[in-house]
Amino acid sequence: MWAQNLGIASLMFNSIHPIPAFLDNYIWAITNQQNSELAVVDPGDPAPVIQYAEQHGLTLSHILITHHHKDHTGGLPELQRYSQPRVIGPRSSQIHGITETVADADTCELFGVELTVIEVPGHTLDHIAFAAVNCVRPLVFCGDTLFAGGCGRLFEGHPQMMSESLNKLSSLDGATEVYCTHEYTLANLAFATAADPANEKLRARLAVEQEKRELGQPTLPSTIQLERETNPFLRCENADIIQVLRQRSVTSLETPAEVFGALRSWKDNF
């Protein structure tokens, strides 16, 4: 039910499956059944990854890391002892165990699919995303930068930085599937409806996502087009959102980055 069959988007990706971890994390499991290989994205907890690999008869061969937070990297030591996978991630003194560092516009191959690295600082300064752009069904693993209906907190960056990072992701093809790493969607959409109350597509999305959660299904992946239409953090030039902020007595809204900063500050205390 949770697996996304990539079909002819890639000859080697057979499925992408969310492995739940902690309270609301997803560790994305990418399988290559032809060689019985497994890749995972941001494994904060090693136990469910090992369980998934052994249940499905797979060898963990690759790990992708988007940033240094422990709920995304905490499983590295045990997983490296378990199978000695190739670990691809950002240049960061806070991540131990990376075997291949990558930076903006670098590419790496995963099961025959070329992934392009996009630097997206803001949540952390070392944050990157991995995008498969030359596929029939493009996708992006974006960690904690872009969420379904929201975005990450600014722990290390500033509004201008995060706004630029979100613009990079928003500029991807609208069909791009968005694989973020937390099930925050309903909380994000609750805020979105406060910030963008006239958005009919947003209200329709909220109903759909609520039904998924009631059925025990994940709300992910999203798509870039859906985020453009319903995520207030990608709609910082929208007049209705700006008007709502002005009604909250926010006066410095001259640029999209200032609108973003006002939205993020509001969301932090929502």
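The model is predicted, so local features are reported only at pLDDT of at least 70 and side-chain atom pairs only at pLDDT 80 or more, whereas totals for chains, interfaces and linings use all residues. Residues are numbered from 1 along each chain as its sequence is written, and side-chain values use heavy atoms, with hydrogens and water left out.

Helices (DSSP runs of H or I, at least four residues) and strands (E, at least two) are numbered from the N terminus. Two packed helices are described by the angle between their axes and the distance between the axes. Here the axes are lines fitted to C-alpha atoms, for helices over the stretch in contact, and the angles run from 0 to 180 degrees between N-to-C directions.

Helix α5 (residues 185-195) packs with helix α6 (residues 200-214) at an angle of about 160°, the axes being 10 Å apart. The two helices α5 and α6 are therefore roughly antiparallel (over 145 degrees; under 35 counts as roughly parallel, 65 to 115 as roughly perpendicular and the rest as oblique). The crossing of α5 and α6 is left-handed, a term used if the near helix is turned anticlockwise from the far one by less than a right angle, with right-handed meaning clockwise. In this contact (heavy atoms within 4.5 Å), α5 contributes T185, L186, L189, A192 and T193, while α6 contributes L202, R205, L206, E209, Q210 and R213. By class, these are five nonpolar, three polar and three charged residues; Ala, Val, Leu, Ile, Met, Phe, Trp, Tyr, Cys and Pro count as nonpolar, Asp, Glu, Lys and Arg as charged, and the others, Gly among them, as polar.

Helix α5 also meets helix α9 (residues 256-268), where the axes come within 11 Å and cross at roughly 125°. The pair α5 and α9 is therefore oblique, and its crossing is right-handed. A187, N188, F191, A194 and A195 of α5 touch L263, W266 and K267 of α9. This contact of α5 with α9 holds six nonpolar residues, one polar and one charged.

Helix α9 has a further partner in helix α8 (residues 239-247), with an angle of about 60° and axes 11 Å apart. That angle makes α8 oblique to α9, and the crossing is left-handed. On the α8 side the contact involves I241, I242, V244 and L245, and on the α9 side V259, A262, L263 and W266. The contact of α8 with α9 has eight nonpolar residues, no polar and no charged.

On a 1 Å grid over the protein atoms alone, a pocket is an open set of points where a 1.4 Å probe fits, with protein on both sides within 12 Å along at least five of seven lines, and lining residues have an atom within 4 Å of a point. Of its 16 lining residues, F147, C151, G152, R153 and Y184 are the closest to the centre. Helices α5 and α9 each supply at least two residues of the lining, and α9 gives the largest share, three residues. The lining comprises five nonpolar, five polar and six charged residues.

Finally, two backbone details deserve a look. Most residues other than glycine have a negative phi, and most peptide bonds are trans. D42, in the loop between β3 (37-41) and α1 (46-55), has a positive phi of about 55° although it is not a glycine. The peptide bond from L220 to P221 is cis, with omega near 0°, and P221 sits in the loop between α6 and β14 (222-223).
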